[in-house]
Each structure stands twice: as C-alpha cells, then as structure tokens.
Amino acid sequence: MLQLIGTKKDRNTRSVERYLKERRIAYQFLDIQAKGLAEKEWKSIFSSAVDPLSLVDTSSAFYRKNGYEHRVFDPVEEIVMHPELLRLPVLRNGGKCAFGLDEKFIEEAAR
C-alpha cells in the first residue's frame, strides 16, 4: 500500500492527498510530527536519495530560523533529529520512495 508521509499543515502534502483521493487510490497517511518514523522507514527514505542533502527543505522556516544555511551538518542525522527539515511529502511504496507529487510513481504504486 502506498504511504504518504507529511504533515496536515503542509500545502504540498495536502495537494498530494487531494490527488490521491480524487483518483480513489488507497493510501496510508503518516503525520511525521505526530508519530515520527521507524528506523526502517528512515532507511528506505535515505537509501532512495542520491544525495541526503537533497532531502533537506532549504526553503522551510525551521531551516532559516535555526541557521542551517551557515552550518556544516550531517543531513541524515539532522533530519532524523528534526523531521521539520525533511522535504515533504514523501511517497513510499515498498522499499521505493518519491518526493512531492510524482504521478508516474503513484501510477506504478496503484497497479
């Protein structure tokens, strides 16, 4: 089953959720702020990224407010400690992940 990882307040997450509902695609929503993710879920997200730094949302308020643009940091460690840094939404199906509204990924997962 397709998993949608995000937050209820995130506009991009709501957009993907609306897309899935309109097409009647079954999915499971995981609110990253309410529950967090298990270690296996984190591993699948990080293994799907070419560069872990590409998973950091550089336009987020948390990123700017905490001065990450001027810091040298390990993106994997910081994202696990502060999920607010993760670029949302994340779509998971099995061991594969996609970020944002990836229609091709959704179509393959719906089959």
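**Stop one: helix H2**

Start by selecting H2 and showing side chains: its buried residues (under 20% relative accessible area with a 1.4 Å probe, protein chains only; exposed is over 50%, partly exposed in between) are Glu41, Trp42, Ser44, Ile45 and Phe46. Helices (H or I, at least four residues) and strands (E, at least two) are DSSP runs, numbered from the N terminus. Before you go on, note that this is a predicted model, where local features need pLDDT of at least 70 and side-chain atom pairs count only at pLDDT 80 or more, while totals for chains, interfaces and linings use all residues. Residues are numbered from 1 along each chain as its sequence is written, and side-chain values use heavy atoms, leaving out hydrogens and water.

Contact here means heavy atoms within 4.5 Å.

**Stop two: the sheet**

Select the strands. Four of them make an open, mixed sheet, in the order S2-S1-S3-S4; two strands pair if DSSP finds at least two bridges between them. Which strands stand at the edges? Strand S2 (27-31) and strand S4 (96-99) do, each with a single partner strand, so one side of each lacks a neighbour in the sheet. From one strand to the next, the twist averages 25°.

Bring H2 (residues 39-48) back: it packs on the sheet, touching S1, S2, S3 and S4, and its direction makes about 70° with that of S4.

**Stop three: strand S1**

Zoom in on S1. Five of its five residues are buried, so S1 is largely enclosed by the rest of the structure. Leu2, Leu4 and Gly6 point one way, while Gln3 and Ile5 point the other. In a regular strand the side chains alternate between the two faces of the sheet.

On one side, S1 and S2 pair in the parallel sense over five bridges, with Gly6 opposite Asp31. Three bridges join S1 (residues 2-6) to S3 (residues 90-93), and these two run antiparallel. Look there for Leu4 with its bridge partner Leu91, and for Ile5 opposite Val90.

**Stop four: Gln3**

Stay in S1 and pick Gln3. Is Gln3 buried or exposed? Its relative accessible area is 12%, so Gln3 counts as buried. Polar contacts (a pair of N or O atoms within 3.5 Å; within protein, one must be able to donate a hydrogen and the other to accept it, and residues adjacent in sequence count only if both atoms are side-chain atoms) join the Gln3 side chain to that of Gln28 at 3.1 Å and to that of Arg92 at 2.6 Å.

**Last stop: the cores**

Finally, select Ile5, Leu37, Trp42, Ile45, Leu55, Ile79 and Leu86: of the 19 residues in the largest nonpolar core, these touch the most other members. A nonpolar core is a set of buried Ala, Val, Leu, Ile, Met, Phe, Trp, Tyr and Cys residues joined through side-chain atoms within 4.5 Å. H2 supplies the largest share of this core, three residues. A second, separate core of twelve residues includes Leu4, Leu91, Ala98 and Ile106.

Definitions and conventions: Axes are lines fitted to C-alpha atoms, for helices over the stretch in contact, and angles run from 0 to 180 degrees between N-to-C directions.
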